[in-house]
Structures are given as C-alpha cells and as structure tokens.
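Please keep the structure open while you read.

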Amino acid sequence: MSKVKPLLVLLAVAVLAGSLLALSGCGGEEGTTTKKPIKIGVVLSESGANEPLGKPERNAIELFVERLNANGGIKGHPVEVIIKDDQSDSNKAQQAVIELLEQEDVVAVIGSSGTGPTLAMKQETSKRQVPQVCMAAGANIMEGDITWIFRTPPTATEAGKKALEYISDVLKVKRVALLYDTNAFGTDGKNVVEKEAASFGLEVVASEGYQTNDTEETMDTHLTNVMTAAPEVILVWGTNPGPAIIAKRMRDKGINLPYVGSHGIANQQFIQLAGEAANGVVFPAGKMLIYEKVLEPGSPEYEFIKDFDEAYREKYGQPINTFAGHGWDAILIITEALKRVGPDATPEELRDEIERTEGLVGTAGIFNYSPQDHNGLSPDDLVMVEIVNSQWEPAER
Amino acid sequence: MLDFLRNCPQYLANGLANGCLYVLVAMGFNIIYNSTGIINFAQGEFSMFGGLFAYALAVSAGLPLPLAALLAVLATAAVGGIMERAMIYPLRRAGVLTAIIATVGASIFFKSLGRVFWPSEAYKVPEFTPGTFRLPGATVSRQFLWVIGLTVICVALVYVFFSRTRAGKAMRACSVNRQAATLVGINVSRMSLYSFILAAALGGAAGLISAPFASYGMGLEMGVKGFTASVVGGLGNTFGAVVGGLVLGLLEELIPGFLTVVLGVSTGYKGAVAAIILIAVLLFRPQGLLGRGMVEKV
C-alpha cells in the first residue's frame with residue numbers, strides 16, 4: 001500500500017491540474033483576448049503624392065478595428081491590422097504586400113490608395129490567391145483577371161453615367177463639349193463619356209484634352225476651340241486646378257452654358273480656387289458629401305454615415321472625407337464577409353464570401369458584388385450636387 | 001476654316017500672354033548660360049517659388065498685393081543667390097557638366113520643398129485687377145495687360161542692366177570669354193552669383209504673373225517651355241529669348257487650334273507642339289532663330 005500511495009497522490013495532482021487547465025480553457029471561451037487574432041494586411045500611401053488619401057484612410061481603418069474589437073471582434077476573435085506605407089510608390093507597394101503575404105499570414109489585404117500601387121499589389125495577391133480590396137479608382141485595375149480584387153470607391157463609369165443621365169434628363173440638352181485632363185483620372189472619364197454618351201441620346205460634339213497646370217490663357221484656347229462646335233453643355237473631367245480655371249474663364253468670357261463637372265471636384269478646394277465662378281457648377285458625388293441633405297434621417301444609409309461621421313469627429317477632431325470613407329468601406333466589406341463565413345475562413349473561402357456581398361450599406365453607397373462586378377456600386381449611389389453660394393446643395397431635379 | 005479665322009484674335013491674345021511667361025523664363029536660362037555655361041534645370045522652380053511666395057505673402061500673411069509681389073520676386077532672387085553660393089560656387093572647379101547635374105538636383109529639392117510647405121493641388125493668388133475686357137474678336141482678362149506690361153518692363157530693365165551698368169557689362173564680357181574677363185580683373189564667380197539672382201528674379205516674376213494658380217508642380221512645365229523658347233531664340237542670346245518665347249507661345253495656341261477646329265483632330269496636347277518645335281529647331285537651325293552660329297564662341 002505504501003508504494004501505491006505516492007502514485008495515487010501523483011494521479012490526483014495530475015487530474016486536478018488537468019481539470020484546472022480545462023477550467024481556465026473554458027474561461028477563455030467567454031473572453032475575447034485569448035482567441036487567435038485574425039490578421040488583415042493594409043498597404044496605403046501615407047506619404048508621397050497620395051498622402052492626402054492615405055492618411056484619412058488609415059485613420060478610418062484604425063478607428064473601425066478599434067470599435068470592432070471593443071465589441072468582441074469577429075465571434076470573439078480580435079482583428080489585427082498590419083499597416084504599411086507604400087510612399088505612393090508602386091515598387092514599395094509590391095514589396096510591402098509580399099512581406100504581408102509571406103511573413104504575416106494575412107487572410108486578406110486592403111490597398112492601395114492610388115492606381116499604380118494597387119496594380120502592383122494586384123499582381124501579388126492574384127499570384128498568391130489572397131483577396132484584396134482596393135481604394136483606387138483607375139479603370140485599368142479591373143482589366144484582366146479580377147478574381148482576387150475588389151474595390152470601394154465609385155469609378156468613372158458610375159460617375160460618368162450619372163453625369164450623362166443628368167445632362168439628358170434634367171438639362172434636356174443633346175450637344176456635349178467634353179474637356180478632360182490628360183492625366184489618368186481625366187482619360188478614364190473621357191473613355192466612359194465617349195462610350196456611353198450615345199446610350200443617353202447625347203452627342204459629344206467636341207472633346208479636348210488639357211493639362212492640369214495649363215495657364216488661364218491656354219484653357220481659354222481650349223474653351224474657344226470647343227465652343228466652335230456649338231455645344232449646349234460643357235462637361236469637364238479633371239482634378240484641381242484645371243476645372244476651376246475653366247469655370248473662371250467661362251464666367252469671364254460670358255459663356256452661359258451649364259457646367260457639369262466630375263467627382264474629381266467634390267472637395268472644398270474647387271470652391272476656393274474657382275471662387276464666384278464655382279456657383280452653378282453641378283457634379284456627381286457620393287451621397288456622403290451632403291448626406292444630411294439627400295438622405296432620409298432614419299434610413300440605414302443615413303444612420304451608417306452619421307455614426308461614422310460622429311465617431312471620426314470624436315476621435316480625430318476632423319470632419320469625414322471621401323477617402324476616410326473608402327478606408328471605412330474596405331475594412332467593413334472584409335469584416336462583414338468574415339462574420340458570415342466565420343473566423344477560421346481560408347483566403348479562398350473569404351474571397352468567395354466577399355463576392356457574395358449583397359446590399360451592404362457603406363459610406364460610398366450600397367455594395368453589391370458579383371462574379372462579373374467587383375466594383376460594387378451603381379450610378380444610383382451617386383447624387384448630383386450643385387454649388388450654390390459656395391455651398392454644396394442637391395442639384396434640383 | 002472660317003471658324004478658325006474668327007477664333008484667331010483669341011488665339012493670338014492667349015498665345016501672346018503665354019509667350020510673355022516663356023520670354024521671362026527663357027531669359028533666365030540665357031543669362032545663366034552666358035555667364036557660366038550652365039543650363040540651369042531649376043529655372044522652372046524659380047517660377048514655382050514666385051507664385052507660391054506671392055500666395056504666402058498676399059493671402060497667408062495678408063500683405064497688400066503689390067508689396068507681396070515685390071517681396072516674392074526678391075525672395076525668389078534670394079533663393080537663386082543661395083543656390084549659386086551653396087551649390088554652384090563650390091563646384092566651380094569641377095566642370096560645367098557637374099554643375100548642370102547639380103541644378104537637376106536643385107530642381108528636385110526645390111520641388112520637394114514646395115510640396116512640404118504648399119502640399120495642395122493649387123493655390124489661388126489674387127489677380128492684380130480682376131475682371132475682363134473685350135478686344136475685337138477676343139475676350140481677355142485684365143491680368144493679360146499686367147502680363148504684357150510687366151514683361152516689357154522686365155525686358156527693358158534687363159536691357160538697361162546689360163548696356164548701362166558696370167556689372168551688366170562685366171557679365172557680357174564673361175559671356176564672350178571667361179578667361180579674358182578674369183585677366184582684365186572681372187570677378188567671374190561674382191558674375192555667376194549675379195546671373196543666378198537675376199535669372200531667379202525673372203523666373204519668379206513669370207510665376208507670379210502667370211498666377212492666379214500656383215502649385216509645387218508647375219516648375220517642370222515652365223522649365224521645359226522656357227528652355228524650348230531659349231533654344232528657339234538661340235541659347236545664350238538674352239534677347240533672342242523674346243523672339244523664342246513669343247514664337248513658341250503663339251504657335252502653341254495656333255497649331256492645336258487649327259488642328260481642332262479645321263481638321264477636327266482634338267488633341268489638346270500642346271506639350272507636343274513645344275517638343276516638335278524644339279526638335280525641329282535643333283535639327284535645322286541649332287543656333288536658334290536669332291543665333292549667328294557657334295563660330296563666334298571658338
């Protein structure tokens with residue numbers, strides 16, 4: 001007996017210890033911290049030319065994840081984002097995404113802010129088969145193999161259709177003169193407008209490219225050129241300051257045609273640069289820009305944007321902007337898909353689930369992805385905005 | 001064709017205004033080239049400083065516009081002077097090519113500096129006198145008169161400087177033969193300093209009147225156009241810049257206008273016009289429209 005006793009004691013200790021371990025394991029089931037975090041890689045442009053895009057995107061993504069984890073994460077698993085800066089450089093973006101995919105075991109990546117870095121990342125995510133949600137709007141991102149890439153901002157396609165619809169249905173004119181910036185943004189718009197105009201019953205009677213930094217006088221020559229085609233509306237597709245110079249010269253020369261712009265001027269800077277001449281300019285923009293004026297309080301979109309607006313202001317002391325919205329939407333789309341498919345999803349399962357995203361309310365509109373459409377938005381997610389007394393107002397319909 | 005002719009007064013007015021800017025920048029290129037043999041690739045960035053300093057002084061600091069404009073030109077001239085002392089002077093024994101490469105570096109540095117302090121897409125410098133007036137067949141802004149007038153004044157001042165002042169005459173001597181100029185007691189390195197200050201002031205003036213929109217990115221285009229104008233007029237020929245600038249400015253509006261309105265080819269790539277003119281001049285008349293050939297230098 002005396003020989004058995006130590007063995008029994010040992011056994012008892014082992015059982016006790018085991019049950020203690022099991023207990024502590026049970027305790028862990030209820031908390032949030034001991035579960036394995038879900039890693040999501042983020043590459044964006046916090047410095048370089050796209051800094052004004054990357055900074056608010058990062059702010060939004062960090063705020064979103066902070067709130068998500070405070071509410072228990074995804075079925076108890078916290079979400080961890082690993083953010084890298086590509087300095088607005090395609091090579092650095094590619095390097096960053098390779099690091100994320102090979103060293104960090106991420107289930108999805110977000111990025112990047114600009115079209116060039118996004119394309120560089122697309123190469124790697126397609127090769128390694130990890131879903132990517134980008135915040136850049138270049139048309140060529142969705143050329144070729146789109147299996148692994150999704151995007152959040154509205155593109156020239158949605159904005160162009162919206163603007164053409166407005167010209168045809170509200171202005172009720174036919175002859176459009178197009179002035180476009182010869183940069184990537186303007187050329188995207190030009191292609192959409194020239195391709196889609198006929199389907200809205202419109203005729204592009206003149207189409208002229210300009211350079212972003214053309215002088216007032218050169219812009220004047222472009223205007224003089226397109227005016228000889230006797231247009232009924234001037235459609236300007238570009239980013240500041242070109243569209244502002246054109247607005248000003250139109251006013252100077254007494255050209256009283258309606259001016260329709262692109263979503264590239266949906267910022268305060270256009271109003272500052274064009275001054276008085278900004279009044280009367282109409283352009284397509286996401287509803288977020290004037291959500292208090294175009295959305296019904298209580299509607300899901302209104303409440304979603306309001307919640308984002310308030311949280312962002314509280315944390316950063318700044319109003320929300322389009323780019324913060326793109327970041328917010330990108331992380332939303334991934335985490336919502338993760339909630340549906342479960343925290344243990346492989347990248348393949350997650351990708352398939354993102355593609356099944358339907359009716360998801362975001363800041364840029366309601367996202368509906370399908371195997372054919374990885375853009376997710378439609379022209380209805382945009383509204384036409386008119387500048388009245390240097391303020392954004394819904395364009396009267 | 002009729003449409004084109006009807007538009008012509010407008011093209012000419014617009015071309016003249018742009019041409020004036022090119023004249024100022026091109027004169028800057030020529031002045032530096034003459035006294036040092038350097039092609040200053042940072043010349044366009046002087047224009048950027050002119051515009052952005054004017055914005056900072058007139059809008060951010062709230063100074064009266066004429067004072068802000070004057071200070072902006074002086075500040076840009078100072079940038080030119082500092083650049084010469086910090087970058088070109090230490091390289092004076094290293095050869096012209098090294099110094100030219102250094103100006104490329106200066107251009108990149110200036111642009112980055114502009115981006116750090118003025119990161120937005122563009123800044124609106126107030127116009128000297130807002131409003132427009134009508135000419136037969138053309139509508140031009142009142143700023144147009146300022147552009148023409150200030151260019152005439154600048155060209156006249158440069159002329160007086162070179163023909164009436166000791167420093168100006170000394171700089172001309174340097175351009176003919178630097179070694180001989182040294183032998184007669186001219187301080188060549190000081191002339192180099194003066195030429196950078198003068199070129200920067202002219203570039204700054206161009207950036208200032210070309211406003212109302214200034215941005216950190218505007219230097220490249222101003223530099224390319226100014227360089228083209230100076231080659232067209234004859235590199236090193238200070239007043240050839242006037243002809244080169246005006247020819248370039250006018251052709252840049254007339255050719256795309258003709259292509260668009262008469263032939264219906266809407267390109268709008270006026271940058272291509274400048275490039276084609278530059279290549280044509282280099283191929284067929286490398287000494288420029290007003291140049292007398294390279295023989296003089298030998």
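## A buried lysine and its partner

Let us start with A:K162, which counts as buried because its relative accessibility is 8%; buried means under 20% relative accessible area, exposed over 50% and partly exposed in between, with a 1.4 Å probe and protein chains only. A:K162 forms a salt bridge with A:E165, and their closest N and O atoms are 3.7 Å apart. A salt bridge here is a side-chain nitrogen of Lys or Arg within 4 Å of a carboxyl oxygen of Asp or Glu. The two residues sit 3 residues apart in helix α5 (residues 156-171) of chain A, so about one helical turn separates them. Helices (H or I, at least four residues) and strands (E, at least two) are DSSP runs, numbered from the N terminus.

## How to read the model

This is a predicted model, in which local features need pLDDT of at least 70 and side-chain atom pairs count only at pLDDT 80 or more, while totals for chains, interfaces and linings use all residues. Residues are numbered from 1 along each chain as its sequence is written, chains are lettered from A and ligands numbered from 1 in the order in which they are written, and side-chain values use heavy atoms, with hydrogens and water left out.

Chain A has a mean pLDDT of 90, and 91% of its residues reach 70 or more; pLDDT is the predictor's confidence in each residue, from 0 to 100. Please treat one stretch with care: over residues 20-32 of chain A the pLDDT is below 50, and beyond near neighbours in sequence this stretch has 4 contacts in the model. Contact means heavy atoms within 4.5 Å.

Over all chains, the structure holds 35 salt bridges. In one of them, the side chains of A:E99 and A:K84 meet at 3.0 Å, N to O. This pair links distant parts of the chain, with A:E99 in helix α3 (residues 90-103) and A:K84 in strand β2 (residues 79-85) of chain A, 15 residues apart. A:E99 is partly exposed, at 24% relative accessible area.

Another salt bridge joins A:E355 and A:R351 at 3.1 Å, N to O. Both residues lie in helix α13 (residues 347-355) of chain A, 4 residues apart, about one turn of the helix, and both are buried.

## Where the chains meet

The contact takes 35 residues from chain A and 37 residues from chain B. About 2,800 Å² is buried between them, with 47% from carbon and sulfur atoms; this buried area is the accessible area (1.4 Å probe) that two parts lose on being put together, summed over both.

How many salt bridges does the rule find across the interface of chain A and chain B? It finds 1: A:K248 pairs with B:E127, the closest N and O atoms being 2.8 Å apart. On the side of chain A that touches chain B, β7 (203-210), α7 (216-227), α8 (242-252) and α9 (268-274) of chain A each supply at least two residues. The largest share, 8 residues, comes from α7(A).

## A buried glutamate in chain B

B:E252 is found in helix α10 (residues 240-261) of chain B and is buried, with a relative accessible area of 1%. Its side chain makes polar contacts with the side chains of B:Y22, at 2.8 Å, and B:K225, at 3.1 Å. A polar contact is a pair of N or O atoms within 3.5 Å; within protein, one must be able to donate a hydrogen and the other to accept it, and residues adjacent in sequence count only if both atoms are side-chain atoms.
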